[in-house]
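Reader: I have a protein model open and would like to go through it step by step. Could you help me read it?

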Amino acid sequence: MQLPNNLAFALATVFATAVSITAASNASEAVCTATNTFAAGDFVEYTGGWSKATGRVFRVKSPTGTNFVLEGLDTSDTNLFPAGAGIGSVRKVTTWVPITGVTAADISGGDGKTQEVNLLDSDMPIMLPDGFSATSVVLTIADEPTKAHHAALKAVSDGVKLTCLRGVLPNGGVLLYAGYCSFNESPSLAKGSVMAVKATFSLQNKVVRY
């Protein structure tokens, strides 16, 4: 149990050229075959044939010149991660810009959805799981237009570029929210309250946690 106090946010602003994955294993942690120069602890965005992994950012583990592990990505269930379908590419995040002055981080969505099914031979409908609702993260940030994060948020928003919001907890835990950023640089104007702007991150897949 912990409080989110001292949670440090950063925005991915620059990605390296994509590295092709020629094979990816079905294992408790996926091993990707790719010529690379990654270091342990690098963060990479995966794009490939596994729909439950594509569009997410993972941490690199145990890299060599010819392969690396996507830390925490359990692909052992071949019904969810079909064998041979993991080929694709990854892009390393090369630049993170700290986002300072965050006054609130509101998470919405990500809840399980269900569908009610009426059966002809029963007067009691049943509920079946139907995936999850789309997730968004809204940061409320003290309005400081001269800060580096202000220009960075504006650039990824105006360019409609895929990015990643990283949150690092005091205990070392990491939250990775990959998706599109919409930045409203028009500040709130409430008497007696700090002027603030909002950045909304629309996730393309589930959060990755370490």
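This is a predicted model: local features need pLDDT of at least 70, side-chain atom pairs count only at pLDDT 80 or more; totals for chains, interfaces and linings use all residues.

Reader: What is the volume of the largest pocket?

Author: The largest pocket has a volume of about 300 Å³. Among its 15 lining residues, G110, T135, N205, K206 and V207 are the closest to its centre. On a 1 Å grid over the protein atoms alone, a pocket is an open set of points with protein on both sides within 12 Å along at least five of seven lines, and a lining residue has an atom within 4 Å of a point. Grid points are joined across faces, edges and corners, and the volume is the space filled by probe spheres set on the points.

Reader: Which strands each supply at least two residues of that pocket lining?

Author: They are β11 (126-132) and β14 (174-184). Strands here are DSSP runs of E with at least two residues, helices are runs of H or I with at least four, and both are numbered from the N terminus.

Reader: How do the residues of the pocket lining divide?

Author: Seven are nonpolar, six are polar and two are charged. Ala, Val, Leu, Ile, Met, Phe, Trp, Tyr, Cys and Pro count as nonpolar, Asp, Glu, Lys and Arg as charged, and the others, Gly among them, as polar.

Reader: And how many cavities of 30 Å³ or more are there?

Author: The count is one, and the space in the largest cavity is about 30 Å³. A cavity is a set of grid points where a 1.4 Å probe fits but cannot get out.

Reader: Which residues line the largest cavity?

Author: The lining consists of G55, R56, V57, L176, Y177, A178, L203, N205, K206 and V208. Strand β14 gives the most, with three residues, and β6 (56-61) also supplies at least two. By type, six of the lining residues are nonpolar, two are polar and two are charged.

Reader: Changing topic, which residues form a nonpolar patch on the surface?

Author: L119, I126 and L128 form one, with about 220 Å² of accessible area together. Patches are made of residues with over 30% relative accessible area and no salt bridge, and nonpolar side chains (Val, Leu, Ile, Met, Phe, Trp, Tyr) are joined within 5 Å. Accessible areas come from the Shrake-Rupley method with a 1.4 Å probe, and for residues only the protein chains shown count as cover.

Reader: Where is L119?

Author: L119 is in the loop between β10 (112-117) and β11. Its relative accessibility is 34%, so L119 counts as partly exposed. Buried means under 20% relative accessible area, exposed means over 50%, and partly exposed lies in between.

Reader: How many salt bridges does the structure hold?

Author: There are six salt bridges, each defined as a side-chain nitrogen of Lys or Arg within 4 Å of a carboxyl oxygen of Asp or Glu. In one of them, R91 pairs with E45 at 2.8 Å, N to O. This pair links distant parts of the chain, with R91 in strand β8 (residues 88-99) and E45 in strand β5 (residues 43-48), 46 residues apart. E45 is buried, at 5% relative accessibility, whereas R91 is partly exposed at 25%.

Reader: What does D158 form with K154?

Author: D158 and K154 form a salt bridge whose closest N and O atoms are 2.9 Å apart. The two are separated by about one helical turn because they are four residues apart in helix α1 (residues 148-158). Salt bridges that share partners join K154, D158 and E185 into one network.

Reader: Which residue has its C-alpha atom 7.7 Å from that of L11?

Author: That residue is H149, which is 138 residues from L11 along the chain. L11 is found in strand β1 (residues 8-15), and at 1% relative accessibility L11 counts as buried.

Reader: One last topic: what is phi of V160 near?

Author: Phi of V160 is near 45 degrees, a positive value in a residue other than glycine. V160 sits in the loop between α1 and β13 (162-168) and is exposed, with a relative accessible area of 59%.

Conventions. Residues are numbered from 1 along each chain as its sequence is written. Side-chain values use heavy atoms; hydrogens and water are left out. Patches are made of residues with over 30% relative accessible area and no salt bridge: like charges are joined within 9 Å, nonpolar side chains (Val, Leu, Ile, Met, Phe, Trp, Tyr) within 5 Å. Buried means under 20% relative accessible area, exposed over 50%, partly exposed in between (1.4 Å probe, protein chains only).
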